[in-house]
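Q: I'd like a close look at one part of this model, please. Could you walk me through it residue by residue where that helps?

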Amino acid sequence: MVDSKQQWKAWLYLSPAIVLLLVFTVWPIINTVRMAFLDNYSGLQAAGGETFSFGIENFTRVVKARRFIDCLRNTMLLCVLTVPISTMLALLIAVTLNSIKPLQKTLQTIFFLPYVTNSIAIGMVFAAMFNIVGSFYGTDRQLVTTAGIINNVINFFSTTFTGKEAMVNWINIGSAYRENIIVMTVYIVWNALPFKILILLGGLQSINKQYYDAARVDGTSRTRVFWRITVPLLSPMLAYVIITGFIGGFKEYTSIVGIFGENMGPANDRDRLNTMVGYIYDALENNNQGRASAAALILFGIILVVTLLNLYVSKKRVHY
Amino acid sequence: MKVVLEHVTKRFPNRDKKVKTEVTAVNDISFEIPDGKLIGLLGPSGCGKSTTLYMICGLQKLTEGRIFFGDEDVTELSPENRGVGLVFQNYALYPHMTVKQNIMFPLENLKGADKLTKDEMLERTLKVAKLVQIDELLERKPSELSGGQQQRVAIARALVKMPRVLLLDEPLSNLDARLRLQTREEIRRIQRETNITTVFVTHDQEEAMSISDQIVVMKLGVVQQMGVPQMVYNDPANLFVAKFLGTPPVNVFRGLIKGQALYIGNEKICDTPGVSDRGVYVGIRPEGFIFNPNGVLTCDFKNVEVMGGAISIVTGHADSESPIIRATVMDEVRIPEGTPSVKFDIKPNKLYVFDKETEERIYF
């Protein structure tokens with residue numbers, strides 16, 4: 001225990017961190033709550049001397065807004081699609097990586113590359129891949145028209161086997177919601193894999209090899225070893241990956257920008273794929289800090305509930 | 001089930017990949033384990049005893065040689081098809097399963113004709129749990145058990161599928177000294193009750209000698225001697241076996257055979273009829289000394305250690321391999337402080353002569 005006379009020293013040494021935390025974390029949180037409960041609060045008008053009455057109108061307006069419901073649906077849909085898919089894929093890849101000896105380190109590095117690559121840049125590459133119209137400079141500096149690689153492949157198989165040309169409009173003008181969501185799911189899953197693989201591979205490598213020897217002596221089949229030994233022993237890492245996956249999923253924003261740009265949707269249907277965070281940004285841009293704060297608190301509430309649910313489930317299924 | 005090893009060799013690739021030569025862990029060993037016996041594989045670390053155990057188990061493939069269970073050649077069989085139970089050094093209990101689930105796990109793996117109903121599994125689990133006396137701990141997790149209890153669970157898990165051979169890898173090394181004594185009796189009892197041929201690995205000679213029906217002493221991948229513990233102790237085949245068995249250890253002297261008699265220093269110890277002149281090592285067990293003022297061997301007196309019923313006379317000798325010589329004698333002997341030297345007679349059956357070059361025993 002620190003001597004009470006010495007305590008001021010402790011506070012002195014802590015003060016830089018405390019000041020920064022107060023200014024950039026604690027105050028913004030308090031201010032968010034305050035703004036959320038001031039009806040139709042706007043920073044500009046507040047600066048002009050206007051006052052706002054206390055109430056829950058921000059919340060009711062947000063919840064009733066058609067755009068907000070769309071954003072909520074998009075976010076939820078992407079979460080529900082991407083978290084299970086990416087977790088299962090990551091588990092599969094991690095287990096495979098762990099069981100091969102040659103080139104393991106090299107493959108590990110390759111799988112980790114997306115993690116250190118800018119997600120907007122990745123998004124632009126994905127957008128180009130899924131394009132239905134596009135072009136590149138040919139050998140003689142002539143502009144050659146071509147679709148993205150995905151459509152080229154689809155088209156190749158289609159013309160070879162059915163003789164008909166076929167292209168899917170994934171993301172361009174006139175594309176359908178389902179195609180948009182497929183592209184987003186592929187992109188988000190791909191983007192989320194490296195971190196999950198890293199965590200799961202680390203977990204796998206820390207499992208004592210003797211459990212597998214013991215299972216072998218007992219004649220355990222490979223599927224049983226996977227479900228009865230690997231998965232339970234990996235469950236703390238799986239729980240971590242799933243919980244952080246859901247939290248990250250609810251904060252999805254940059255990936256949409258990466259593929260669709262600031263439009264947040266195909267050019268003919270702006271904001272079609274907007275998310276909760278996107279909604280908050282838009283409200284801020286429109287100087288509607290009250291509504292942005294209310295939406296942020298709702299998002300916080302949803303993440304909290306989902307995380308608690310995850311923790312509740314994992315209490316029964318996770319073996320620490 | 002009788003277990004026979006025939007010219008079994010195991011070579012591992014060198015850890016340093018640039019070095020082409022392989023490391024020979026087990027070098028052409030052959031021995032036969034009689035049915036229903038408890039056998040101790042004994043040797044210092046790195047002598048290949050664990051590798052031998054894992055080869056009997058099937059977790060390690062043989063480089064050369066064959067292994068038979070009874071008349072059946074099991075060399076190419078995988079562990080699950082050999083009918084072996086293995087207890088790992090650190091037990092390898094599945095931490096997320098209860099004791100009951102751990103023991104039942106091997107039974108749930110049975111397929112086809114061997115498949116058991118839930119009730120049969122439970123019955124066998126309870127039976128084996130009673131045998132190792134953990135039937136009150138069935139709902140606990142391994143982390144809630146003491147080391148000794150975990151050990152019992154591991155043995156139960158190995159026994160539950162009624163293996164033909166039970167294998168234990170250093171079964172006592174993770175237990176404290178008191179528990180070790182208790183557990184080794186326990187292993188003996190379980191082995192007697194089940195009558196399953198059991199092989200265990202240890203580096204502790206006392207452990208091996210105390211419970212084994214037979215011991216196999218190994219060094220650098222080669223079997224040095226095999227036999228009933230007391231026989232191996234009393235009649236070591238070479239200097240290594242003599243040194244490895246016994247606490248306190250055997251006292252080793254540099255000696256000389258000259259004119260069909262054994263000399264240590266200038267003192268003639270005994271006649272060695274029929275042995276040609278050469279340099280030798282002489283091993284004398286601590287209990288082989290008889291305190292006698294007119295004895296044949298003179299040692300520099302150091303001190304006396306009293307240990308209950310017996311006393312140790314600690315001495316030195318110019319031709320001794322180690323700085324101190326320990327002689328265990330009955331406690332009637334009184335030696336005054338400051339005595340410069342003491343004399344001993346040597347019991348002929350506690351004295352072993354080994355060739356200086358080969359370190360093999362010279363019989364006479």
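Which residues does B:T315 touch, not counting residues up to four places away in sequence?

A: Happy to. This is a predicted model, in which local features need pLDDT of at least 70 and side-chain atom pairs count only at pLDDT 80 or more, while totals for chains, interfaces and linings use all residues. Residues are numbered from 1 along each chain as its sequence is written, chains are lettered from A and ligands numbered from 1 in the order in which they are written, and side-chain values use heavy atoms, leaving out hydrogens and water.

With contact meaning heavy atoms within 4.5 Å, B:T315 touches B:C299, B:D300, B:F301, B:K302, B:P323, B:I324, B:I325, B:V342 and B:F344. B:T315 is buried, at a relative accessible area of 0% (buried is under 20%, exposed over 50%, partly exposed in between, with a 1.4 Å probe and protein chains only).

Now the surroundings. B:T315 lies in strand β17 (residues 310–316) of chain B; strands here are DSSP runs of E, at least two residues, numbered from the N terminus. An open, antiparallel sheet of 5 strands runs in the order β15-β19-β16-β17-β18 in chain B, where two strands pair if DSSP finds at least two bridges between them. At the edges stand β15 (289–291) and β18 (325–330) of chain B, each with a single partner strand, so one side of each has no neighbour in the sheet.

Strands β16 (residues 297–307) and β19 (residues 341–346) of chain B pair in the antiparallel sense over 4 bridges. There, B:C299 has B:V342 in β19(B) as its bridge partner, and B:T315 touches both residues.
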